[in-house]
Amino acid sequence: MERARRGDLDAWETIVRTHQGLAFRTAYLLAGNAGDAEEAAQDGFVKAHRALGRFRRGAELRPWLLRIVANEARNRRRSAVRRERLALRAAGEVRPGDAVPSPEAALLAGEQRERLLAAVEALPDEHRDAIACRYLLGLTEAETAAALGVRAGTVKSRLSRALARLRETLAEEGEA
Amino acid sequence: MTELELRLEELGRELAFPPAPDLAPAVLERTMRRPFFWGRVAVAVAVAAALSAALAVPQARTAILRFFHLGGATVVRVETLPRTTERSRATGLGSPVTLTQAERRAGSRLELPPGQRPARAFVLGDSLVTVVLRTDGKTVLLSEFPSLGPGSLRKLTAAEASVQPVRVDGAEALWIEGPHAFEYFGRNGFAQAPVRVRGNVLLWTHGPLTLRLEGRLTMEQALALARRTR
């Protein structure tokens, strides 16, 4: 980071390549479509480079970058016509190391995931975003707060309300 | 973590994200279009002018390798230095004036090391003030101009010159050793032709001023003098 602050573009490129995957996925979940997500992530990195001088020494880089990229993504969502529906990977796609379930178990698990995803998508935006950042992307609470531009306490309360809402929805659908 | 939270994490791993594009080439290209700067206001127009001026010099067109931006100064590392002239002893520093007149024309008080207040100063392009000082048994030039004023300083460094980030009282500074040239763009379209620099140079900012120290000093000597300059 120090090298990047001093103008070393190789160091900056390393930072971009290290964080671009998560930055894009974060922007995708917040902006709602791949085109806006790519623009938001790219603009976010360019703005972050311009703001390197204001980066507090000793602070964590990832939440700082995510805050900038997520802000770009949220701005785009406000003007976006519609959000693409999130989708699950095809049933046949198995990650390396995964146990291969029986066809019946895979079908059942797939249906449960589809219901859970639909319930997440039906949440109000601020609850959905909190769930998306914290659990779907696996960000820490601090990173979620940075990405959403809110305090950590606000993230906790939004998550709590969102989880309660999801439990209610799933219970109504017959899932415990 | 509750079962629902674990299920949500699992859901995240099962999401079909679009393939992540490689953002680095576009980000770097856009980054290169702008100067690097350390938290100070970017004078985009000045740097665009500096870039276009660099591109207009055939010898410098080979490649612009890197930008550094500090206060009102831009350092451009190029593969080949442009054609330069030796600085004229008579007029290369600008018009000789008294220190008071120089401060009036520059619009701010000059920063000087304690005990050094030369009778004469030189003003180039109405805003770059230079004084000649003696320190550590050597003659050095101390130049100052407002960072956000009408003037901008451009240094062109050859690929073999070293540009080292250093600090003066906690603020970013640049130490330049090796072949380089400098140009100054002042008020009313004033532009000084590239001048070859023989010594080493320390560039730093203090308050609203960008300062430049040139001479055959070591980096430690230059930094010590810069820290005393107030």
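Before anything else, a word on terms: two strands are taken to pair if DSSP finds at least two bridges between them, and what I am going to show comes from a predicted model.

Let me start with strand β12 of chain B, residues 200–206, where five of the seven residues are buried, so that the strand is largely enclosed by the rest of the structure. On one side of the pairing pattern we have β9(B), residues 171–177, which is joined to β12(B) by four bridges, with the two strands running antiparallel; within that pairing, A173(B) has W204(B) as its bridge partner in β12(B). The other pairing I want to mention is with β13(B), residues 209–215, which also runs antiparallel to β12(B) and is joined to it by seven bridges, and here V201(B) stands opposite E214(B). These two strands, β12(B) and β13(B), form a hairpin with two residues between them, and in that hairpin G207(B) takes a positive phi near 55°.

Now let me turn to chain A, and to a pair of helices. Helix α7(A), residues 141–148, packs with helix α8(A), residues 152–172, at an angle of about 100°, and their axes are 8 Å apart. Since angles of 65 to 115 degrees count as roughly perpendicular, that angle makes α7(A) roughly perpendicular to α8(A). As for the residues involved, E141(A), A142(A), T144(A), A145(A) and L148(A) in α7(A) meet A152(A), V155(A) and K156(A) in α8(A), and the residues of this contact divide into five nonpolar, one polar and two charged.

Conventions. Residues are numbered from 1 along each chain as its sequence is written. Chains are lettered from A and ligands numbered from 1 in the order in which they are written. This is a predicted model: local features need pLDDT of at least 70, side-chain atom pairs count only at pLDDT 80 or more; totals for chains, interfaces and linings use all residues. Axes are lines fitted to C-alpha atoms, for helices over the stretch in contact, and angles run from 0 to 180 degrees between N-to-C directions. Angles under 35 degrees count as roughly parallel, over 145 as roughly antiparallel, 65 to 115 as roughly perpendicular and the rest as oblique. Two residues are in contact if their C-beta atoms, placed from the backbone, lie within 7 Å. Ala, Val, Leu, Ile, Met, Phe, Trp, Tyr, Cys and Pro count as nonpolar, Asp, Glu, Lys and Arg as charged, and the others, Gly among them, as polar. A residue is buried if 20 or more other C-beta atoms lie within 10 Å of its own, exposed if 12 or fewer, and partly exposed in between; C-beta atoms are placed from the backbone.
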